[in-house]
Amino acid sequence: MTLTTKQTPSGAGSKSLAARVQELEARLKNYDHWIAQATEVCNRAAHGDLEARLLHVDVDGDLGDLMFGINGLLDYTDAFVREAKAVLGFTAQGKFFRRVILRGMVGTFKHAAQIINESTTEMKHSAAELSQAESRRLDIADQFEATVKEIATSVAAAANEIHNTSEQLALVAQQTASQADNASRSADRTSAIVIQVDESSQQLTESIGQVKEQVAEANEIVQRAVIESSEANTVVAGLKDSSHRIGTVVDTITEIAKLTKVLSLNAAIEAARAGEAGLGFAAVASEVRKLAEQTREATNAAREEIGSVQDSSAKAAKAITACGEMTLEISETSKSIFRLIQQQAEATSEIRANANEAATETAQVTVAINQATEAADNTRESTERLVTAAAELQEVSTTLSRSVDELLASIRKV
Amino acid sequence: MIKKNVRLTGHERTFGEDEIIVSKTDPKGIITYANQTFIHVAGYTEEELLGAPHNIIRHPDMPHCVFKLLWDNISAGNEVFAFVVNLCKNGDHYWVLAHVTPSFDAAGKITGYHSSRRVPDRSAVEQIIPIYASLKKIEDSNPDWRAGMHDAEGELGRLLESVGMSYDEFAFSLVQCV
Ligand SMILES: Cc1cc2nc3c(=O)[nH]c(=O)nc-3n(C[C@H](O)[C@H](O)[C@H](O)COP(=O)(O)O)c2cc1C
């Protein structure tokens, strides 16, 4: 190391002046050397070369301190520059963990180092915020994409569904329309039928009225017939009695004629006996006998007539009785016919009431059908509009997702 | 490299928080400058240090792989932070947080290296000691020191991966304990 001897003021006097001068010259030379060295190192440093140092320093005192001072200055400057360079180098690469190590740093170096560190912290925060913002932007883009894509997908699906549904709806509307049409036609037919029923039942009512009148008339006739037949019965019974009595008279006449004949015979016999005187008498007797004969003949004929009258009247009585019975029967029948007709009339008026009700209801049905038809028409129209809207919707959602893709591409490219 | 047999005293030296130990080497690691603090702490004379390889102060507890990492980085032009325990001439030791950087000429060529060392926090040292011990154990368990160093290097890599940091970040995170 150093060869320098301790310069003590007390030792100065013990040496010769020449030796002292020599010594001083040597020291001066050494001083000059170190000053030159220091100048060299400082000059290099002044030109930005922080590598040079003063090595093998063999001077003591102030000059020695100066040499070490220069080295120290350079060491701190060098260390600071390296640190600062490293920190900024890392920072430039986006690595913010690196700080200037304050330990070992002094004074202005330490202060500058603190400022660098603060800036780095600041930059770290900014960078963190930036990358947070960046990732938030990307997150938002992702979220946005996911949301919009979902919306677009569901819109497309909805549009598709609307399309399908509206097609089904259109079909249903068409079916409804044609069914309503059918229904309307049946309603028309129904109301025509109802009107016919009404008319027919009115006619029926009228006919029933007529029939009722006729039946009443027939009844009257029958009543009359009953009366008349019982009268006829009486007449016939009277006739039977009369003819019986006439028979009795005829029998009496017949007896009288028999007797007359016997008497005439007796008279003839008597006349014959009386001879000529009796001749006139005999003629009368024969005349009487002839008359008796004719009477017998007439009564025989009368008896025959009476017999046939009796037969006829018996037959008539029988017929009249049968007729009476039949008339009663007819009367009973006409009574039940009347009752039936009464029922018929009631039924008919019920039918009419029903028919009227049916007519009212049919009218209501027709109104409903018309409304249904209208609704079906409306449905068809709305459905057509819906189909168009759905198609537009699909187009819009496609455009939307395309725009979103473009938007996201540009967001993410930034 | 020359290795004198120094008896370890187990005595730890330390230096001021405002002080830095500075050394410079040529591209091969031969010491070209040592500042007064270095000279004072290591206990060598300037003459003994200048021209000597830097491993003159190498401590046997240091794993090889840390120096490999150091050299890999600085020869690639990067800075390195490393906790290093060094050996004094008398067998004492001292911990430093070394910041080793290359020096470049105007053309950008590496002309040598520079190291400034600060006194590290005790808490950082306490964290480093077991790590280095385990790396050293891995290295010593392999009779081929290169292979052992390679194993330890792998272990160090896994260790850094587990904390999700580069070596720089890791070392600096320990510096932050300061
Ligand atoms: C600028 C610089 C500074 C260094 N500082 C140290 C140090 O303080 N301690 C140390 O053991 N090695 C240091 N080294 C690393 C040594 O050069 C060497 O690689 C290390 O001591 C390992 O030695 P070995 O290869 O003989 O095992 C430094 C290297 C350079 C370039």
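Predicted model: local features only at pLDDT ≥ 70, side-chain atom pairs only at ≥ 80, totals over all residues.

Me: Is Cys88(B) buried or exposed?

Reply: The cut-off for buried is under 20% relative accessible area. Cys88(B) comes out at 0%, so Cys88(B) is buried.

Me: And Cys65(B), buried or exposed? While you're on cysteines, how many disulfides are there over all chains?

Reply: Cys65(B) has a relative accessible area of 0%, so that residue is buried. A disulfide needs a pair of cysteine sulfur atoms within 2.5 Å. Searching the whole structure for such pairs gives a disulfide count, over all chains, of 0.

Me: How do helix 3 of chain B and helix 5 of chain B sit relative to each other, roughly perpendicular or roughly parallel?

Reply: Helix 3 (residues 64-75) and helix 5 (residues 145-163) of chain B pack with their axes 8 Å apart, at an angle of about 75°. Angles of 65 to 115 degrees count as roughly perpendicular. So helix 3 of chain B is, relative to helix 5 of chain B, roughly perpendicular.

Me: Which residues in helix 5 of chain B does helix 3 of chain B meet?

Reply: From helix 3 of chain B come His64(B), Cys65(B), Lys68(B), Leu69(B) and Asp72(B). By class, this contact has 6 nonpolar, 1 polar and 3 charged residues. The partners in helix 5 of chain B are Trp145(B), Met149(B), Ala152(B), Glu153(B) and Leu156(B).

Me: What about helix 4 of chain B with helix 6 of chain B: how many nonpolar, polar and charged residues make that contact?

Reply: The axes of helix 4 (residues 122-140) and helix 6 (residues 167-175) of chain B come within 9 Å and cross at roughly 135°, and the two helices are therefore oblique to each other. Helix 4 of chain B brings Ala124(B), Gln127(B), Ile128(B), Ile131(B) and Tyr132(B), while helix 6 of chain B brings Tyr167(B), Phe170(B) and Leu174(B). By class that gives 7 nonpolar, 1 polar and no charged.

Me: Which three residues supply 22% of the area that chain B buries against chain A?

Reply: The contact takes 33 residues from chain B and 27 residues from chain A. Between them the chains bury about 2,500 Å², with 57% of it on carbon and sulfur atoms. Supplying more of chain B's share than any other three residues are Tyr33(B), Arg118(B) and Phe172(B).

Me: Last one: where is His56(A), and what is its phi?

Reply: His56(A) is in the loop between helix 1 (17-46) and helix 2 (61-92) of chain A. At 39% relative accessibility, His56(A) counts as partly exposed. Although His56(A) is not a glycine, its phi is positive, at about 50°.

Notes. Residues numbered from 1 in each chain as written. Chains lettered and ligands numbered in written order. Heavy atoms only, no water. Axes fitted to C-alpha atoms, helices over the stretch in contact; angles between N-to-C directions. Helix = DSSP H or I, 4+ residues; strand = E, 2+ residues; numbered from the N terminus. Parallel < 35°, antiparallel > 145°, perpendicular 65-115°, else oblique. Contact = heavy atoms within 4.5 Å. Nonpolar A, V, L, I, M, F, W, Y, C, P; charged D, E, K, R; others polar. Buried < 20%, exposed > 50% of the residue type's maximum accessible area, 1.4 Å probe, protein only. Buried area = accessible area lost by both parts, 1.4 Å probe.
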